[in-house]
Amino acid sequence: AYVIYTSGSTGRPKGVAVPHRGVVSLLTGTQDRYGFDAGDVWTLFHSVAFDFSVWEMWGALAFGGRLVVVPWEVSRSPGEFLELVVAQRVTVLNQTPSAFEQFMRAEAENPGLGRELCLRWVVFGGEALEVSRVRPWLARHPDTPVLVNMYGITETTVHVTAHPLNPTGKGENGAEVDLVEGSAGVIGHAVPGWRVYVLDRAGGLRPVPPGVVGEMYVA
């Protein structure tokens with residue numbers, strides 16, 4: 001389907017070839033959780049050189065939704081981006097945590113616009129989420145949209161795990177996280193179609209007990 005270059009954990013670029021079935025698996029594996037449909041409006045915020053864009057494009061088009069291509073200049077202006085999200089009645093927003101912090105700040109400075117948001121889901125990806133930083137947003141929007149921290153690697157087609165931050169999210173184990181200062185982002189459970197293991201670092205590929213540090217393996 002496409003090739004995207006990634007540095008992974010080595011810092012050396014490598015080309016990752018992703019087959020069509022990877023994209024199809026991503027969308028079918030997450031559909032029960034999110035219920036995307038033709039009424040959804042997505043933004044294409046990210047560059048097509050970043051695999052987050054695959055989720056944005058096909059999440060909209062495969063379910064008959066509408067895709068709003070965000071001009072580069074608007075993507076660099078949180079205030080203008082907030083206006084676009086409201087004007088286009090966006091329902092699914094995909095952001096890196098650092099970009100969402102700027103969006104959150106713009107919304108706090110313009111609560112009138114914030115009250116007009118139509119968002120159902122905000123999906124985080126691309127970098128680690130410090131969950132305590134979204135507390136101001138959750139105080140203003142406790143139920144909708146549902147914030148979801150997703151984790152994945154390019155080789156597995158964008159997303160592998162998901163964890164809703166709001167209690168109203170359709171996640172396992174109550175979908176609540178500890179929003180204390182400095183807490184790390186919980187990446188949650190594997191999306192359907194994937195399995196995730198934490199195995200020992202000694203090369204034996206043995207599952208480690210809960211609370212023991214290991215390496216994450218995806219199957």
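A salt bridge, for this talk, is a side-chain nitrogen of Lys or Arg within 4 Å of a carboxyl oxygen of Asp or Glu. By this rule the structure has eight salt bridges.

Hello everyone, and a few ground rules before we go on. This is a predicted model, where local features need pLDDT of at least 70 and side-chain atom pairs count only at pLDDT 80 or more, while totals for chains, interfaces and linings use all residues. Residues are numbered from 1 along each chain as its sequence is written, and side-chain values use heavy atoms, with hydrogens and water left out.

Let's visit some of those salt bridges. The side chains of Arg120 and Asp40 meet in one, at 2.9 Å from N to O. Arg120 sits in the loop between H6 and S6, and Asp40 in the loop between helix H1 (20–34) and strand S3 (41–44), so this pair ties together parts that are 80 residues apart in sequence. Helices (H or I, at least four residues) and strands (E, at least two) are DSSP runs, numbered from the N terminus.

Are these two partners buried or exposed? I call a residue buried under 20% relative accessible area, exposed over 50%, and partly exposed in between (1.4 Å probe, protein chains only). The areas themselves come from the Shrake-Rupley method with a 1.4 Å probe, and for residues only the protein chains shown count as cover. Asp40 is buried, at 2%, whereas Arg120 is partly exposed, at 31%.

Next, Glu101 and Arg133 form a salt bridge through their side chains, at 3.0 Å from N to O. Glu101 belongs to helix H5 and Arg133 to the loop between S6 and H7, so parts 32 residues apart in sequence are tied together. Arg133 is partly exposed, at 43% relative accessibility.

Asp200 and Arg206 make another salt bridge, at 2.7 Å from N to O. Here Asp200 is buried at 12%, and Arg206 is exposed at 52%. Salt bridges with shared partners also join Glu101, Arg105, Glu130 and Arg133 into one network.

Now look at H5 itself.

A nonpolar core is a set of buried Ala, Val, Leu, Ile, Met, Phe, Trp, Tyr and Cys residues joined through side-chain atoms within 4.5 Å. The largest one has 29 residues, and Phe81, Phe103, Leu117, Leu119, Phe124, Trp137 and Leu147 have the most contacts inside it. H4, H5, S6 and H7 each supply at least two of its residues. A second, separate core has 23 residues, including Tyr2, Val18, Tyr34 and Trp55.

Finally, the surface. Tyr197, Leu205 and Tyr217 form a nonpolar patch with about 280 Å² of accessible area together. Patches are made of residues with over 30% relative accessible area and no salt bridge, with like charges joined within 9 Å and nonpolar side chains (Val, Leu, Ile, Met, Phe, Trp, Tyr) within 5 Å. Leu205 lies in the loop between strand S10 (196–199) and strand S11 (215–218), and is partly exposed at 48%. Ala202 is in the loop between S10 and S11, and is exposed at 69%.
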